[in-house]
Amino acid sequence: SFLLSSTSRAFTTTNKLSFHKYTLLTRALSTLQQQQTRTASIIKRRMTTTRTEMTEEEKYLFDLNGYYVVRGVLTEDEVKEANAAIDNHIDDAIERSDAE
């Protein structure tokens, strides 16, 4: 009787661990699939919206301001990552002066 109940508990514990591992693997796979879908979407968007030259208006605004903002090129996460990289190296920045 004791052996049977010990074996039964061990079997139940093993099943719980297996189910837990299965749940973790399923979640990890789902996350990877979502990332692949998002990456494919970004690549498709970039491939279909890529232009090789600036319009006359864009050139004018660049000449006027010294920069031109191109919206939709980076995802929100990529912008956050770029800003974090800049923030991490802000102490290395060297300010340019007009005299140089």
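Modeller: Start with a term. A residue is buried when its relative accessible area is under 20%, exposed when that area is over 50%, and partly exposed in between. By that rule, 4% of the 100 residues of the protein chain count as buried. Keep in mind that this is a predicted model.

Biologist: How confident is the predictor in the protein chain?

Modeller: The pLDDT averages 75 over the protein chain. A score of at least 70 is reached by 72% of the residues. Helix α2, residues 56-65, has the highest confidence, with a mean of 91. Helix α1, residues 2-49, has the lowest, with a mean of 66. Residues 1-9 fall below 50, and this stretch makes zero contacts in the model beyond near neighbours in sequence.

Biologist: What makes up the secondary structure of the protein chain?

Modeller: Three helices and zero strands. From the N terminus, the order is α-α-α. The accessible surface comes to about 9900 Å², and carbon and sulfur atoms account for 58% of that.

Biologist: How do you know whether α2 lies in the open or is covered?

Modeller: Count its buried residues. One of the 10 residues of α2 is buried, so the helix lies largely in the open. Just after α2 comes G66, with a positive phi of about 85°.

Biologist: What makes E56 and K59 a salt bridge?

Modeller: The cut-off is 4 Å between a side-chain nitrogen of Lys or Arg and a carboxyl oxygen of Asp or Glu. In the pair E56 and K59, the closest N and O atoms are 3.7 Å apart. That distance is within 4 Å, so the pair qualifies. Both residues lie in helix α2, three residues apart, about one turn of the helix.

Biologist: Why does such spacing bring side chains to one face?

Modeller: An α-helix has 3.6 residues a turn, so residues three or four places apart point the same way.

Biologist: Why is E56 called exposed, and why is K59 called partly exposed?

Modeller: E56 has a relative accessible area of 61%, which is over 50%, so it counts as exposed. K59 has 36%, which lies between 20% and 50%, so K59 is partly exposed.

Biologist: How many salt bridges does the structure hold?

Modeller: Two. Besides E56 with K59, the side chains of E76 and K80 meet at 3.4 Å, N to O. That is within 4 Å, so this pair also qualifies. E76 and K80 both lie in helix α3, four residues apart, about one turn of the helix. E76 has 59% relative accessibility, over the 50% mark, so it is exposed.

Biologist: Now Y68. Why is Y68 called partly exposed?

Modeller: Its relative accessibility is 33%. Y68 sits in the loop between α2 and α3, the latter being residues 76-88.

Biologist: What makes the link between Y68 and E58 a polar contact?

Modeller: Their side chains are joined at 3.5 Å. The cut-off for N or O atoms is within 3.5 Å, so the pair makes the list. Y68 and E58 are 10 residues apart in sequence, and their C-alpha atoms are 6.9 Å apart. Leaving out residues up to four places away, Y68 touches M54, E58, L61 and F62.

Biologist: Where is M54, and what does M54 touch?

Modeller: M54 is in the loop between α1 and α2. M54 and Y68 are 14 residues apart in sequence and 10.0 Å apart from C-alpha to C-alpha.

Biologist: Which residues make the nonpolar surface patch?

Modeller: M54, F62, Y68, V70, V73, L74 and V79, covering about 580 Å². Patch residues need over 30% relative accessible area. M54 has 36%, so it passes and counts as partly exposed. V79, in helix α3, also has 36%, so it passes too.

Note on methods
Residues are numbered from 1 along each chain as its sequence is written. This is a predicted model: local features need pLDDT of at least 70, side-chain atom pairs count only at pLDDT 80 or more; totals for chains, interfaces and linings use all residues. Side-chain values use heavy atoms; hydrogens and water are left out. pLDDT is the predictor's confidence in each residue, from 0 to 100. Helices (H or I, at least four residues) and strands (E, at least two) are DSSP runs, numbered from the N terminus. Contact means heavy atoms within 4.5 Å. Buried means under 20% relative accessible area, exposed over 50%, partly exposed in between (1.4 Å probe, protein chains only). A polar contact is a pair of N or O atoms within 3.5 Å; within protein, one must be able to donate a hydrogen and the other to accept it, and residues adjacent in sequence count only if both atoms are side-chain atoms. Patches are made of residues with over 30% relative accessible area and no salt bridge: like charges are joined within 9 Å, nonpolar side chains (Val, Leu, Ile, Met, Phe, Trp, Tyr) within 5 Å. Accessible areas come from the Shrake-Rupley method with a 1.4 Å probe; for residues, only the protein chains shown count as cover.
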